[in-house]
Amino acid sequence: MLSRRDFLGGAVLALPSFQLARAAERGCPATEGVELGPFYRPNAPRRASLCDASETGEPLAVDGRVVAANRCTPLEGAVIEVWQANANGDYDIVRRGQDDTPYHLRALLQAGGEGTYAFDTIVPGHYGRRAKHIHYFVHAKGYEPLVTQLYFAGDERTATDRLVRRSLIMQPVSAAVRGRSGGRMTFDLALRTRVPNPSEARRVFPELEGDYHQYDKLFPMLERDHEDAITFRLVRSGGRLDARMRGLPDAELIFDGPMEFRVVEYGIAGRVIRDGNGRPALEYQGIDGRRHRAEKL
């Protein structure tokens with residue numbers, strides 16, 4: 001098991017000062033995002049091990065750094081939430097929004113002084129048709145949240161899973177983990193600087209507030225989610241516009257233009273339009289290419 005000292009201090013992950021300086025000069029590519037998925041649960045326990053040493057599956061240790069994409073500088077104190085399926089491909093909850101089961105294969109971490117983090121777990125199994133993956137939800141003050149997934153080199157499903165991005169596939173190396181033969185992976189995370197929403201967009205926020213209806217499933221790959229439609233509410237908060245939905249965390253609409261927005265939690269990009277009666281509506285496309293439309297009630 002990784003020691004508490006290694007987990008918090010991350011001394012083994014620190015780069016020489018001249019390497020950090022050169023990286024800061026050229027910056028780091030922002031980590032590509034992937035949708036949050038239907039099995040996110042808030043308030044996971046703070047711990048460096050996602051499971052007990054007796055957990056079925058191949059032991060795995062993961063480490064990395066959280067940095068600012070613009071300067072490649074470490075983000076000390078960044079909050080990292082991780083979760084995954086077990087070796088059989090099952091999560092600890094069976095439907096979105098369920099919160100009455102014990103937390104299993106989930107943890108909340110905090111980046112150390114050099115932006116380092118580390119945890120140990122087991123290699124997840126295949127869930128449905130998806131490639132093996134570990135979920136990440138990362139927050140740091142002054143930066144956009146990052147929702148992404150870590151994938152495994154050598155998994156043949158990475159070629160067919162539409163959510164996989166090549167930059168997120170990492171190669172495990174053999175290592176001893178908790179006294180057993182297993183693997184180790186390094187996965188660095190680079191966050192985008194948060195930029196205020198344009199004033200032109202903020203001026204229409206009062207009109208955009210309210211309830212919206214979307215006539216298809218947000219996560220159609222979840223067969224046990226029998227919802228035929230999604231209702232959510234847009235709420236202003238200062239210069240932000242947040243979407244609130246039952247059983248899911250609030251998600252900000254980040255505007256890159258007067259009418260163009262992104263929602264990183266769901267991997268979507270879209271725009272504000274108006275229907276035949278002049279009422280606002282939202283059109284957007286998911287990371288898997290599916291198109292959606294939400295109309296104001």
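The lining of the largest cavity comprises 13 nonpolar residues, one polar residue and no charged ones; here Ala, Val, Leu, Ile, Met, Phe, Trp, Tyr, Cys and Pro count as nonpolar, Asp, Glu, Lys and Arg as charged, and the others, Gly among them, as polar. The model is predicted, so that local features need pLDDT of at least 70 and side-chain atom pairs count only at pLDDT 80 or more, while totals for chains, interfaces and linings use all residues. Residues are numbered from 1 along each chain as its sequence is written, and side-chain values use heavy atoms, with hydrogens and water left out.

A cavity is a set of points, on a 1 Å grid over the protein atoms alone, where a 1.4 Å probe fits but cannot get out, and its lining residues have an atom within 4 Å of a point. Grid points are joined across faces, edges and corners, and a volume is the space filled by probe spheres set on the points. By this rule, three cavities of 30 Å³ or more are found. The largest has a volume of about 130 Å³. It is lined by 14 residues, with Phe232, Ala243, Tyr266, Ile268 and Tyr284 the closest to its centre. Two or more lining residues come from each of strands E12 (230-237), E16 (260-263) and E18 (280-285), strands (E, at least two residues) being DSSP runs numbered from the N terminus. The most are given by E12, with three residues.

Now to the second largest cavity, whose volume is about 90 Å³. Twelve residues line this cavity, and Gly37, Pro38, Arg130, His133 and His135 lie nearest its centre. Its lining divides into six nonpolar, four polar and two charged residues.

Nine strands form an open, antiparallel sheet in the order E14-E13-E12-E11-E19-E18-E17-E16-E15, where two strands pair if DSSP finds at least two bridges between them. At the edges, E14 (251-252) and E15 (254-255) each pair on one side only.

Strand E18 pairs with E17 (residues 268-274) through six bridges, in the antiparallel sense; Ala269 stands opposite Gln285 in E18. These two strands form a hairpin with five residues between them, and Gly278 in the turn has a positive phi of about 85°. E18 also runs antiparallel to E19 (residues 291-296), over five bridges, and Leu282 has Ala294 in E19 as its bridge partner. The hairpin of E18 and E19 likewise has five residues between the strands, and Gly289 takes a positive phi near 95°.

Methods: 1 Å grid on protein atoms, 1.4 Å probe; cavity = no way out; pocket = protein on both sides within 12 Å on 5 of 7 lines; lining within 4 Å. Helix = DSSP H or I, 4+ residues; strand = E, 2+ residues; numbered from the N terminus.
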